[in-house]
Amino acid sequence: MHKKRKETIAPYLFIGPSFVLIGILFAYPIIYTIFLSVHKYMLNMPQKMVSFNGLENYKNILTNREFLGSIGWTFSFSTIAVSIELVIGIALATMVNNKLIKQKALIFRTLLIMPMMLSPIVTGVMWRILFEAKFGVVNYLLRCFGMTGINWLADEIPSKAALIVTDVWHTTPFVMLIFFAALQTVPDDLLEAAKIDGANGFQSFFKITIPYLRNFIALIMSVRMMDCMRFFDEVFVLTKGGPGTSTQTLAFNIYRIAFRYSNVGAGSAGALFFLLIIMCVSLLIMRIVKGKENNAIGNR
């Protein structure tokens, strides 16, 4: 009995410290953020003037037009960027996985994943130079084709397009790598059988390959949606939320409230609301994909 008890307790003793450490690192920031969110806490006022104000901070941010506008733009940006990345990523992965070029695609794959190696700040600085109105490469190429240059970072629609292009360029390699690995799980015998039965490449892709990639698509969608909703660095470097407040993402707006306007209490309330949105979006994506998977199993 003593030996059995030791064998039962031993695993918990080994993993216990890690769980405690992770719990502290996860729980303390959230608890402290909840504490700040129900207090009037300004960075530019003395500590002794911090006072409890209940749900006033939540009321203020949920009636703040800038905050609500940033939610709308964040969802629009995330949906557009992730959709483009999924399409381009799976197209590139399929191309690299093609048997005709698979043996010679090592250099090509290396070039494709290079953008992923750059930090978001470096990516933002690079694309800021490319999108520069007078001397940027993008406008130079437009002029070479007889078109007029665009004020990419000072007009609302072009600045939003610039942010989407920057994110797609930076993160599509990650999507491509996941899909490239996922394509290795598709059984070759099924594809060969479909080919023998007369299915063309498009039919095999949509009827066999895509169903096998369903779980990977769910993974990429949930991870990339969360990443896009936290989109901050490139916004800070490229547009600073402008022109006006048109390109302020939710993360950037919370940063402005907490650190530019010094309202840490309202910023903390916004951060908790932000956390709730990310959790809901992730659960919704997983539920939709799981429901489709159950329907596919039922049809079989």
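Modeller: Helices H8 and H9 cross in the right-handed sense. The contact draws on Leu190, Leu191 and Ala194 from H8, and on Ser204, Ile208, Thr209 and Tyr212 from H9. Sorted by class, the residues where H8 meets H9 are five nonpolar and two polar, with no charged residue. This is a predicted model, and what follows should be read as a description of that prediction. H8 covers residues 188-196 and H9 covers residues 201-212; their axes lie 10 Å apart, at an angle of about 165°. Angles over 145 degrees count as roughly antiparallel, and H8 and H9 are therefore roughly antiparallel to each other.

A second pair may be set beside this one. Helix H3 (residues 65-97) and helix H10 (residues 214-229) have axes that come within 9 Å and cross at roughly 140°. H3 and H10 are therefore oblique to each other. The crossing in which H3 passes H10 is right-handed. From H3, the contact involves Thr74, Phe75, Phe77, Ser78, Thr79, Ala81, Val82, Glu85 and Leu86, while H10 contributes Ile220, Met221, Arg224, Met225, Cys228 and Met229. By class, the contact of H3 with H10 has ten nonpolar, three polar and two charged residues.

Cysteine 280 takes part in no disulfide, and the nearest cysteine sulfur, which belongs to cysteine 228, is 18 Å away. Cysteine 280 has a relative accessible area of 45% and is therefore partly exposed. Cysteine 144 likewise counts as partly exposed because its relative accessibility is 49%.

Lysine 240 is placed in the loop between H11 and H12. Its phi is near 55°, which is a positive value in a residue other than glycine. With a relative accessible area of 39%, lysine 240 is partly exposed. Proline 243 also lies in the loop between helix H11 (233-238) and H12. The peptide bond that joins glycine 242 to proline 243 is cis, with omega about 0°.

Computed along the chain, isoleucine 121 and aspartate 233 are 112 residues apart, yet their C-alpha atoms are 5.8 Å apart in space. When residues up to four places away in sequence are not counted, isoleucine 121 touches Asp233 and Val237. Isoleucine 121 is partly exposed, its relative accessible area being 38%.

H12 itself comes next. Helix H12 spans residues 250-260, and because eight of its eleven residues are buried, H12 is largely enclosed by the rest of the structure. The buried residues of H12 are Leu250, Ala251, Phe252, Asn253, Ile254, Arg256, Ile257 and Ala258.

Although serine 262 is not a glycine, it has a positive phi of about 65°. Its relative accessibility is 14%, so serine 262 counts as buried. Its contacts, leaving aside neighbours within four places in sequence, are with Tyr41, Met42, Leu43, Asn44 and Ile257. Ile257 is itself among the buried residues of H12. Serine 262 and asparagine 60, which are 202 residues apart along the chain, have C-alpha atoms separated by 15 Å.

Methods
Residues numbered from 1 in each chain as written. Predicted model: local features only at pLDDT ≥ 70, side-chain atom pairs only at ≥ 80, totals over all residues. Heavy atoms only, no water. Axes fitted to C-alpha atoms, helices over the stretch in contact; angles between N-to-C directions. Helix = DSSP H or I, 4+ residues; strand = E, 2+ residues; numbered from the N terminus. Parallel < 35°, antiparallel > 145°, perpendicular 65-115°, else oblique. Left-handed = near helix turned anticlockwise from the far one by under 90°. Contact = heavy atoms within 4.5 Å. Nonpolar A, V, L, I, M, F, W, Y, C, P; charged D, E, K, R; others polar. Buried < 20%, exposed > 50% of the residue type's maximum accessible area, 1.4 Å probe, protein only. Disulfide = S-S within 2.5 Å.
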